[in-house]
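I opened a notebook page for this structure. The entries follow in the order I looked things up.

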Amino acid sequence: MLARAAEDRPTAVPAPNFDVVASLAKRRGFVFPSSEIYGGMAGFWDYGPLGVELKNNVKAAWWRHMVQLRDDVVGIDAAIIMNPRVWEASGHVAGFSDPMVDCRSCQNRFREDDLKGPPSEIACPNCGNRGSLTEARQFNLMFATTVGPVADSSSVAYLRPETAQAMFVQFDNVATTTRRKLPFGIAQMGRSFRNEITPGNFIFRLREFEQMEMEFFVHPRDEDEWFAYWVEARHRWWTDVLRIDGARLRLRPHAADELSHYSKQTTDIEYEYPIGWSELEGVADRTDFDLKAHAAGSGKRLAIFDEESGDHLVPYVIEPAMGVDRAVLTVLVDGYEEEQLDKESRVMLRIAPALAPIKAAVLPLLRNRPELVERARRLTADLKALMPAAYDDTASIGKLYRRQDEIGTPYCITVDPESFDDGAATIRDRDSMTQERVSLDLIPQRISDLVAGRSAWEGVPREAPAP
Ligand code: ATP
């Protein structure tokens, strides 16, 4: 009773609009607008009871594959506010900005690179006035705050706009305490903040979001090999672990004129959203830019001993960097399906069982039979010892199934009057709707196996290329 794999889906079906997914997310408690009772706040969203589970599962899948299953990557968890000199050395104070254009008529602001032509020649995308757009000026995306009781220019600090810099700044501490040799990586996940000019598209572009980034330090001569390795490894993570439809993913190498100031080569992993192909994750070759910049900025040596040359060298860095919220959005968009059944239609989230907020729901067929309810509750408790599980008897069985399909629960278990005769209950598979009768005592183990078997958790990373 294995469900269809994601790749079996008819790929001609376009991804649903963000509105459709946002409405499901709101209705079922995945994602709410932040401070909604006060009118919300652009670029900020909150995760609800199911959303926090989904998001944690996405993060766990990344951490497991990027850190725990590997010998050559370790993790850190750094402070969000760092010494402001970090952001001077990294180039963010001077250059982490987007070109911004103002409309003199309606006061709206736009990113120049989102406009379809030069500001002096086109109409304002909001009010339609011609000749009302200003020339572009650079707008720094970092949020500034002050630290300590006195607010003056010497107390200004920034909320980090990316998690990467902590890995460079802590390079020496990590390499020394873990006695590392090249190649090795440092990974981190956590909040980042960007004062985006135009946040929007649900949780695609936020002002407060989470990132998962890994800095992989290599011998400079091995940069190309490792760059290719990480592009492939990261692409496979999206298809094999998150089970995102490969037909809606593509790799896009950056043209020379769009590379960031620190990057020698970058390839984006893009997804075909309803708004078009957009970046999910970027793999960048940051060379020795950051370590050298921080060595110069701090006066400390950021290098590693190279046995071959008998000298210290500054490694190059390959960085896979992705956004957690964008991954959650992609899982929701990619999993969303409306299926026409004989008499009705159903909405379902066809997401990998490892990502599902609830793995199994127990649904008793007759809630006015106390002994049945008692057995079903006991089964739920047994399941909960192993995985997130739920009990629901508040509607007809058809409705209960629909509720679970819509939130991506891969398995529903119905306990019925016959359960007392045969000591068994029925497991129903979300995707195929096939049913299997399994002894009540064996159900928790059976569900565990099904969830694990289909989740690719056990997939070990491919061997590293021999540099
Ligand atoms: P863009 O050019 O679209 O502003 P970027 O290229 O600056 O984005 P990176 O700095 O490479 O983005 O960030 C790495 C990842 O972090 C992105 O692939 C994306 O998944 C995520 N990310 C970046 N900015 C945001 C944001 N404002 N909201 C949500 N996720 C983001």
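I began with contacts, meaning heavy atoms within 4.5 Å. Among those in the protein between residues at least 6 apart in sequence, 67% join residues at least 24 apart.

I noted what I was working with: the model is predicted, local features need pLDDT of at least 70, side-chain atom pairs count only at pLDDT 80 or more, and totals for chains, interfaces and linings use all residues. Residues are numbered from 1 along each chain as its sequence is written, and side-chain values use heavy atoms, with hydrogens and water left out.

Next I looked up burial. Of the 467 residues of the protein, 51% count as buried (under 20% relative accessible area, 1.4 Å probe, protein chains only).

I then checked the overall dimensions. The C-alpha trace spans about 75 × 65 × 50 Å along its principal axes.

I turned to secondary structure and found 13 helices and 23 strands in the protein. These are DSSP runs numbered from the N terminus: helices are H or I with at least four residues, strands E with at least two.

Two strands pair if DSSP finds at least two bridges between them.

Strand S9 (residues 184-193) and strand S10 (residues 208-218) run antiparallel and are joined by ten bridges. I found Ala-187 opposite Met-214 in S10.

Key: Buried < 20%, exposed > 50% of the residue type's maximum accessible area, 1.4 Å probe, protein only.
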